[in-house]
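Colleague: Please put the model up, and we will go through it piece by piece.

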Amino acid sequence: MNWVQEKEEWLIDWSDARCLKELAFDSPEGGVARALQLDDSHDVFFSGLVEVGDRCLVCRASGLVLDVFDVSPASEVLVSWRVHLPSPIVQDVGISHVSDANAASVSVLLLTKSSVIFRVQVLLRQQVLDVALGGYTACKLPSAASTFAALGRDLAAVGCFDGSLHAFQLLPAGTGTPVDAAPCAPVYTFAESNTGFAGFFGSLRTPAQVLSMAGLGASQGALSSGFRLLTFSTDGYLRLWEAGERRARVVTKLAVLSASERQTMPMVENLSCCLRLSPSRTRACLVLRHTVYVIDLSAASTPTGFVCKEVHAP
């Protein structure tokens, strides 16, 4: 309880944190100074809590500035690291993270409004945490981004408002400057295959917009060198995707909502949907406006590949 009270006192004003380092993703000439002038305190949002072992981090985006705070129980004072960006982060959805298998570091991936993905690496295996700048990539998107998820330290998925879903590979750190980067084509484009007469007319429809998604890590099946992705879309379906060898496919899909409920899904705003994974990545939680579902991802032997159950109020 004492720790909770102390941390609540910290949260009174984030600006009281002691900044240990400032870094900038920009050209060498005046990048930090320009970012400082454009920090917008009215355009603020936070990431989810990043938990790795006994470390707890939270990210705060404000204009062209990202602050990474250490809110671990063992921390005696509130410290932060500041990163300056050439463009603001996409509101509410533009921050995602993935931890290394050995929990030595966390890669925080950032999607900006200029359609560039940046990686910030938080080094955990030290007495005092450290933050370093990683790679980036400029994305060639058909429309504005609506959702975003880290799939690996150098791989991220971007869902667009037109219903398309893509995965992009980040360039190595030190490859030119992000401001001048040319847009890159995706390494994967996710689309359901349609066959037969019904499939032909189905392919003419606009794909359902992905509302939320989460990377599940490496594939366990035939595409063992690839990865898996769980998505929830405006058509009310959960989809389990598998990508590898330059192709992506739907392994299985499951209608979470009834037909009448699915008809109202396109009117639901993105903020009313949240999909989160357990640390083991064997379970997920889907939160809609009035309903919560628990998804068992370990049931790979079932016909659907996973089991989804509604959580009823006590």
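Colleague: Which residues is Leu123 in contact with, leaving aside its neighbours within four places in sequence?
Modeller: Leu123 is in contact with Ala104, Ser105, Leu129 and Asp130. Contact here means heavy atoms within 4.5 Å. This is a predicted model, so local features need pLDDT of at least 70 and side-chain atom pairs count only at pLDDT 80 or more, while totals for chains, interfaces and linings use all residues. Residues are numbered from 1 along each chain as its sequence is written, and side-chain values use heavy atoms, with hydrogens and water left out.

Colleague: Where is the place of Leu123?
Modeller: Leu123 is in strand β9, which covers residues 116-123. Strands (E, at least two residues) and helices (H or I, at least four) are DSSP runs, numbered from the N terminus.

Colleague: How far are its C-alpha atom and that of Val106 separated?
Modeller: The two C-alpha atoms are separated by 6.7 Å, although Leu123 and Val106 are 17 residues apart along the chain.

Colleague: And why does Leu123 count as partly exposed?
Modeller: Because its relative accessible area is 27%. Buried is under 20%, exposed is over 50%, and partly exposed is in between (1.4 Å probe, protein chains only).

Colleague: Now Thr291. Buried or exposed?
Modeller: Thr291 counts as buried, because its relative accessibility is 17%. It lies in the loop between β20 (283-287) and β21 (292-296). Apart from its neighbours within four places in sequence, Thr291 is in contact with Leu286 and Glu310.

Colleague: What about Thr282, where is that?
Modeller: Thr282 is in the loop between β19 and β20. It is partly exposed, because its relative accessible area is 34%. Not counting residues up to four places away in sequence, Thr282 touches Ile295, Asp296, Leu297 and Ser298. Thr282 and Leu297 are 15 residues apart in sequence, and their C-alpha atoms are 4.9 Å apart in space.

Colleague: How many bridges join β21 to β22?
Modeller: Five, and the two strands run antiparallel.

Colleague: Which way do β1 and β6 pair, parallel or antiparallel?
Modeller: β1 (residues 18-24) and β6 pair in the parallel sense, over six bridges. In β6, Val83 is the bridge partner of Leu23. β5 (residues 65-70) is also joined to β6 by six bridges, but these two run antiparallel. There, Asp70 stands opposite Val79 in β6.

Colleague: Is β6 mostly covered, or how many of its residues are buried?
Modeller: β6 (residues 79-84) is mostly covered, with five of its six residues buried. In the protein, buried residues make up 47% of the 314 residues.

Colleague: Last topic, the pocket. Which strand gives the most to the lining of the largest pocket?
Modeller: β11 does, with seven residues. The lining has 41 residues, and Ser96, His97, Leu275, Arg276 and Leu277 lie nearest the centre of the pocket. A pocket is an open set of points on a 1 Å grid over the protein atoms alone, where a 1.4 Å probe fits and protein lies on both sides within 12 Å along at least five of seven lines; lining residues have an atom within 4 Å of a point.

Colleague: And how many helices and strands does the protein have?
Modeller: It has four helices and 22 strands.

Key:
Two strands pair if DSSP finds at least two bridges between them.
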